Amino acid sequence: MKLLACDMDGTLLTPSGKLPDGFWDLMDDIAEENRSRRSEDAIIFLPASGRSLPTLRGLFTPPGQSPALDYFLAGNGCVLSSHGVVETVARIEPEVATRVLEAAASYPQKLWVIMHFPERTVAPRDPEFLEFLTHYTTHLAVVDSLADVDLNNVVNMSIYQPEDPSHGPWDYIRNEFPELEVLESSGDWCDIMPPNVDKGTGLEFIKAKLGVTTQETFCFVDYFNDVGLIAPSGRSFAMSNAHPDVKAACTDIIGSNAEGAVITTIRDGIKQGWL
């Protein structure tokens, strides 16, 4: 089996947040290729994203159809969907989630917080923020105050900084919560994760379920919250637009997300026989 774990924003998706040209043709070709292989040699494409599970399902659902993929790794590794069955890899305790909300509210500059549950995302009723969020997530539950939400079963949280381009807010959150994983997913987004959990944790979880080895695992990455995917993968591909530190950690550097380099590389792998 060949498992392809692929980040979304900055990696697979175009700079405008769309699937690249040729993606569905590639999925059709992989399905055709798999029909000629033994099941244990099949190619599995795994979206591995900080986005919520409903958003990922929506992104990979052609109009009027069911989700076209069998596996999704959402919430930066906290949630796995396998043939429609949802499993939670880890959660944030309710009292910890409350403290994160309080810390964000106490920061001297505006920080917007959203909370992710296994199959929904909760956001505050802020028109400016909600308009911005439509680029990143769907199936939002909107509330007047996050403080009124039942915090049981929170898998992870995301914080957006609309004003401060520095790392100041993320250093502040890290200092306040040394027990949590604080992962930068871009310069202005940060994901708050349960202890010792990242995309790599989720990837190891699905590898164990499928019986896939490290040498049979490949990843496509661009930013810090993707780094966990590298160690569980026998071969790792950094986009040319990736952060320099991420490039340095990978085995290969390919073209950019704007060029559709993930599509090209997978096609090359099938043609050359290493997939």
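## Ground rules

Residues are numbered from 1 along each chain as its sequence is written, and side-chain values rest on heavy atoms, with hydrogens and water left out. Because the model is predicted, local features need pLDDT of at least 70 and side-chain atom pairs count only at pLDDT 80 or more, while totals for chains, interfaces and linings use all residues.

Helices (H or I, at least four residues) and strands (E, at least two) are DSSP runs, numbered from the N terminus.

## Helix α9

Let's start with α9, which covers residues 261-272 and has 12 residues. From its first C-alpha to its last, α9 reaches 16 Å, close to the 16 Å expected at 1.5 Å a residue; the expected span is 1.5 Å times one less than the number of residues. After α9 comes G273, with a positive phi near 95°.

Which residues of α9 are buried? They are A261, V262, I263, T265, I266 and G269, where buried means under 20% relative accessible area, exposed over 50% and partly exposed in between (1.4 Å probe, protein chains only). These buried residues pack against β1 (2-6), α1 (8-12), α2 (23-35), β2 (43-47), β12 (217-221) and β13 (235-238), with contact meaning heavy atoms within 4.5 Å.

## Aromatic pairs

Rings of Phe, Tyr and Trp (its six-membered ring) pair if their centres lie within 6.5 Å; planes under 30 degrees apart count as stacked, over 60 as edge-to-face and the rest as tilted. By this rule the count comes to 15 aromatic pairs. One of them joins F23 and F45 edge-to-face, at 5.6 Å centre to centre with 65° between the planes. F23 lies in helix α2 and F45 in strand β2, so this pair ties together parts that are 22 residues apart in sequence. Both F23 and F45 are buried.

The ring centres of F60 and F72 are 6.1 Å apart and their planes stand at 50°, so this pair is tilted. It links distant parts of the chain, with F60 in the loop between α3 (53-59) and β3 (71-74) and F72 in strand β3, 12 residues apart. F60 and F72 are both buried. Together, F23, W24, F45, F60 and F72 form one aromatic cluster.

## Charges over rings

A charge sits over a ring if NZ of Lys or CZ of Arg is within 6 Å of the ring centre and within 35 degrees of the ring normal. The charged end of R120 sits over the ring of F117, 4.3 Å from its centre. Likewise, the charged end of R235 sits over the ring of W274, at 4.5 Å from the centre.

## Salt bridges

Side chains of opposite charge can pair when their charged atoms come close. With a salt bridge taken as a side-chain nitrogen of Lys or Arg within 4 Å of a carboxyl oxygen of Asp or Glu, the structure holds 16 salt bridges. Among them, E32 and R35 meet at 2.7 Å, N to O. Both lie in helix α2, 3 residues apart, about one turn of the helix. E32 is partly exposed at 47% relative accessibility, and R35 is exposed at 61%.

R235 also forms a salt bridge with D252, the closest N and O atoms being 3.0 Å apart. This pair links distant parts of the chain, R235 in strand β13 and D252 in strand β14 (residues 252-253), 17 residues apart. R235 counts as partly exposed, at 27% relative accessibility. Finally, D7, K199 and D226 are linked in a network of salt bridges.
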